[in-house]
Amino acid sequence: MIKKETIEKVLDTARIEEVVGDFVDLKKRGTSLIGNCPFHNEKTPSFHVSVNKGIYKCFGCGAGGDSLKFVMEHEKYAYPEAIRYLANKYNIPIEEVERSPAQMAAQDKRESLYVINQWASKFFKHTLWETELGQSIGLSYFRERGYRDDIIKKFDLGYSPEAWTSLVDEAAKDGFAKEYLTELGLAVERDDKSLYDRFRGRVIFPIHNLTGRVIGFGGRTLKKDKTVPKYVNSPESEIYHKSNVLYGLHLAKKSILEHDVCFLVEGYADVLSCHQAGVEQVVSSSGTSLTTGQIKLISRYTKQVVILYDGDEAGIKASLRGTDMLLEEGLNVKVLLFPDGNDPDSYIQKFGASEFRSYVDKNQEDFVFYKTNILLRDAKEDPIKRAEVIREVVESIALIPDEIKVSVYIRQCSSLLDIEERVLLSELNKIRLAKARSKEKKEAQAQQNQAAAAMDMPPGSEEWFPVEMLAAMGAEAPSAEPVQVESAEIRLEKELVRILLNYGRELVHWEGDGDVPVAPYLLASLDDIEIMDKTCKLIVDEFAKQAENFQVPEAKVFFSHENPEVSTLAVDSVVNKYELSPSWNDDKRKIFVPEELDQLKSLVIQVIYRIKKNKIEVQMQTIREELKHTSDDADLQILLAKYQKLKEGEQLLGNLLGNIVVK
């Protein structure tokens, strides 16, 4: 377990703008920083970071929290992982009790998977550098390929022995669970339930996530036998999702930011050779087609992408359509073709690092123009093929969200294709119109499905909004679930939580009690009130628990709460703190508007009276319902007496609320 003092130091040190800024391109706007939300797909920024409050909030998807919550949500880390990540970022030593590998594996499964992968990476590296077979086979192979020792160590390369159970046997000695070894793909289970090493007899390329933790492996065979797969890779697991990983990004992200460009290559070897040549802003899709997740990773650091192809034109043509996804995400794409069938790795080996860098600088070509030329060469003078080329090129241009770029491409491609601009524009509009109609059709179908779901309401649920009413109000149709209006009771409880989180530690002078923090005064005044909303109750109960020790918790302790509903409510409560723009209270303009803090006493009294009044109204409604079904005179008299007493209390609270004066 990590010591509480270490956790507190990490949370106090972490800066929300620095933590989020590692993953999101943030721009200053007013008192906040904004950017595109990393938790849902959006074109217009709705993701806000408040430096003063130490929180982030997306007004599109609702995501919110502090630095710790961001790391947990974005990197899918468990609490201890996120603490370790932040501690490493700020060079804070982690103090914890020593644990054996077996004890570590018994903890949170996800953390165990990381631990085992890290252990396996060390095992492969040890085999490469410290064993006779590793040096004579694995290390010799890397050196023969021209890789320096510093590059081999930089990428944590390793070697797996040819023996069937080398890794499995060592893992058993250290107490690692068999099921975790098979889930990670480090071992394969036979029919008799025994295990053998998946990567035996291969050189190993560890795959890291953005923070440098090992999430998978690629293993290359050194055999000439064509029946043996050249590469074997880790399967998908709880910590490894191929579509969201780019090989080498953890080492490239700093250089990508510095140079404002990302070089995209095909394989592990290309990445290693580029780094050895001094070109570090390079990542690999590891031989798979580009995915939206991988493109979003790149777009966090730059909008400029250069694809480094080898000389296989057939392979290039096959990948052109997939590369269109880069354009759709708003990236500026260039391509670079190496001559004579070379790839980045072989070109560097033949001509050296200096010549490679020079070639890359001089021979980049815009992707749209390159695609146009390569397809035209294939079509030659065939009119039907040329028409298909025109349509395919315009389809690529139609994906680009920037209208200025679209205009430039239409003009340039008009010349390349030898066709009038108006024809290209006409085709562009047809494609866009067809896409818009298709999108409208899908949305209409989705709304119909949602409306049908919304009509299936439970009896007596008067507070559900019909779809027709939402449409008349200009609101969107409900999603999978119908929209339910919050009761006055829940709204008041959320207001209570908002005051506790924002002002719970503020001192207010109370007649007869002196200066008392808001939180204990509020809680004492409402000790006869039961909080109905479960999420609000969790927060109020924590305040009450700490009040017994004469303490008031800070709002930030709830931002990364294990209960996501508590975290969301806490962030929303702080985000919804009423604050005035600095331009309002202005000596020059003579405009002075009181802020909540200036009228805090009144705010506290109001919420106490309003909650009590609402509870009385609920009780009165209950009695009214009972009166409808009571015929016994004695019971009627008792109920009427209760009702009259409650009515007097309601009127008294109503008068008190009307008489509150802001001072």
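Predicted model: local features only at pLDDT ≥ 70, side-chain atom pairs only at ≥ 80, totals over all residues.
Reader: Which residues of helix α9 are buried?

Author: "Buried" stands for under 20% relative accessible area, "exposed" for over 50%, and "partly exposed" for what lies in between, with a 1.4 Å probe and protein chains only. In α9, which covers residues 166-173, the buried ones are Ser166, Leu167, Val168 and Ala171. A handy idea here is that an α-helix has 3.6 residues a turn, so residues three or four places apart point the same way.

Reader: What do the buried residues of α9 pack against?

Author: Their partners are α6, α10 (178-183), β7 (187-189) and β8 (195-197). Contact here is heavy atoms within 4.5 Å.

Reader: Let me follow α6, then. Is Arg110 buried or exposed?

Author: Arg110, found in helix α6 (residues 109-130), has a relative accessible area of 11%, so Arg110 counts as buried. Setting aside neighbours within four places in sequence, Arg110 is in contact with Glu75, Lys76, Tyr77, Ala78, Glu81, Glu238 and Ile239.

Reader: What about His74, and which residues does His74 touch?

Author: His74 belongs to helix α3 (residues 67-75) and is buried too, with a relative accessible area of 12%. Not counting residues up to four places away in sequence, His74 touches Phe23, Pro38, Phe39 and Arg300. Val20 is 54 residues from His74 along the chain, and their C-alpha atoms are separated by 9.5 Å.

Reader: Now for sheets. What is the order of strands in the open sheet of five strands?

Author: Two strands pair if DSSP finds at least two bridges between them. In this sheet the order is β1-β2-β3-β4-β5, with antiparallel pairing. The edges are β1 (27-29) and β5 (64-65); each has a single partner strand, so one side of each is left without a neighbour in the sheet. Between β4 (residues 55-58) and β5 there are two bridges, and Lys57 has Gly64 in β5 as its bridge partner.

Reader: Which strands does α3 lie across?

Author: Angles run from 0 to 180 degrees between N-to-C directions, and axes are lines fitted to C-alpha atoms, for helices over the stretch in contact. Helix α3 lies across β3 (47-50), β4 and β5, at about 50° to β4. Helix α24 (residues 564-575) also packs on the sheet, where it touches β4 and β5 and makes about 95° with the direction of β4.

Reader: How many residues of strand β10 are buried?

Author: Eight of its eight, so to read β10 (residues 214-221) is to read a mostly covered strand. Antiparallel to β10 runs β9 (residues 202-208), joined to it by seven bridges, and the bridge partner of His208 is Val214. The two form a hairpin with five residues between them, and in the turn Gly212 has a positive phi of about 95°. Strand β10 also pairs with β11 (residues 231-233), again antiparallel, over three bridges; there Gly218 has Asn233 as its bridge partner.

Reader: How do α17 and α18 cross?

Author: The axes of α17 (residues 383-398) and α18 (residues 403-417) come within 11 Å and cross at roughly 165°. Under 35 degrees counts as roughly parallel, over 145 as roughly antiparallel, 65 to 115 as roughly perpendicular, and the rest as oblique. These two are therefore roughly antiparallel. Arg386, Val389, Ile390, Val393 and Ile397 of α17 make the contact with Val406, Tyr409, Ile410, Cys413 and Leu417 of α18.

Reader: And at what angle do α22 and α25 pack?

Author: At about 20°, with the axes of α22 (residues 518-525) and α25 (residues 600-628) 10 Å apart, and they are therefore roughly parallel. Val518, Tyr521, Leu522 and Ser525 in α22 meet Leu600, Val604, Val607, Ile608 and Lys612 in α25.

Reader: To finish, how many helices and strands are in the protein?

Author: There are 26 helices and 18 strands, and 43% of the 663 residues count as buried.

Key: Residues numbered from 1 in each chain as written. Heavy atoms only, no water. Helix = DSSP H or I, 4+ residues; strand = E, 2+ residues; numbered from the N terminus.
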